[in-house]
Amino acid sequence: MVQPRPIALVLEDEPLISMDVEQTLEAAGFDVVAVASCVGAHAFLDHTAPTVVIVDIMLMDGPCHHIADRLVAAGVPFVVHSADHPRDYVDTPFAAGTWINKPSVASEFLAATLAAAGAG
């Protein structure tokens, strides 16, 4: 029986960064869905449970604190892929994620994502 591929939800509103992240994850065996807005993220999460989520804090329709809250409540692992510093988010739901700074080296990004997803 064929195992289903893990699903990565990428929340990123910068097209070039999103494409780079998508390619890295697809090459690692993930099915990838990219969304550039909080509204789109909620719509996806309403019907699909991803294996891991890559979260940029600020999306095209604003900060996605409520998405991070939802991920924490559902126990969905996530990686915060941001140029911001984690110390600025200690008392927020983003603190529950694995942090990797932007820009990131593909191998470090992938290692952090696999570890968060429990596959590395």
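Me: Which residues of helix H2 are buried?
Reply: In H2, residues 38-47, the buried ones are Cys38, Ala41, Phe44 and Leu45. Buried means under 20% relative accessible area, exposed over 50% and partly exposed in between, with a 1.4 Å probe and protein chains only. Helices (H or I, at least four residues) and strands (E, at least two) are DSSP runs numbered from the N terminus. The model is predicted: local features need pLDDT of at least 70, side-chain atom pairs count only at pLDDT 80 or more, and totals for chains, interfaces and linings use all residues. Residues are numbered from 1 along each chain as its sequence is written, and side-chain values use heavy atoms, with hydrogens and water left out.

Me: What covers the buried residues of H2?
Reply: The cover includes strands E1 (7-11), E2 (31-35), E4 (58-59) and E5 (62-63), and helix H3 (65-74). Contact here means heavy atoms within 4.5 Å.

Me: What makes a set of residues a nonpolar core?
Reply: Its members are buried Ala, Val, Leu, Ile, Met, Phe, Trp, Tyr and Cys residues joined through side-chain atoms within 4.5 Å. The largest such core has 21 residues, of which Leu11, Val53, Val55, Ile67, Leu71 and Phe94 touch the most other members. H2 gives the most to this core, with 4 residues. Leaving aside residues up to four places away in sequence, Leu71 touches Leu45, Val53, Val55, Val76 and Phe78. A second, separate core has 15 residues, among them Val21, Phe30, Ile54 and Ala112.

Me: How many aromatic pairs does a search of the whole structure find?
Reply: The search finds 2. Rings of Phe, Tyr and Trp (its six-membered ring) pair if their centres lie within 6.5 Å; planes under 30 degrees apart count as stacked, over 60 as edge-to-face and the rest as tilted.

Me: Why is the pair of Tyr89 and Phe94 called edge-to-face?
Reply: The ring centres of Tyr89 and Phe94 are 5.7 Å apart and the planes stand at 85°, so the pair is edge-to-face. Tyr89 and Phe94 are buried.

Me: Why is the pair of Tyr89 and Trp99 called tilted?
Reply: The centres of these two rings are 5.6 Å apart and the planes are at 35°, so the pair is tilted. Tyr89 lies in the loop between strand E6 (78-82) and strand E7 (98-101), and Trp99 in E7, 10 residues apart. Ring pairs link Tyr89, Phe94 and Trp99 into a cluster.
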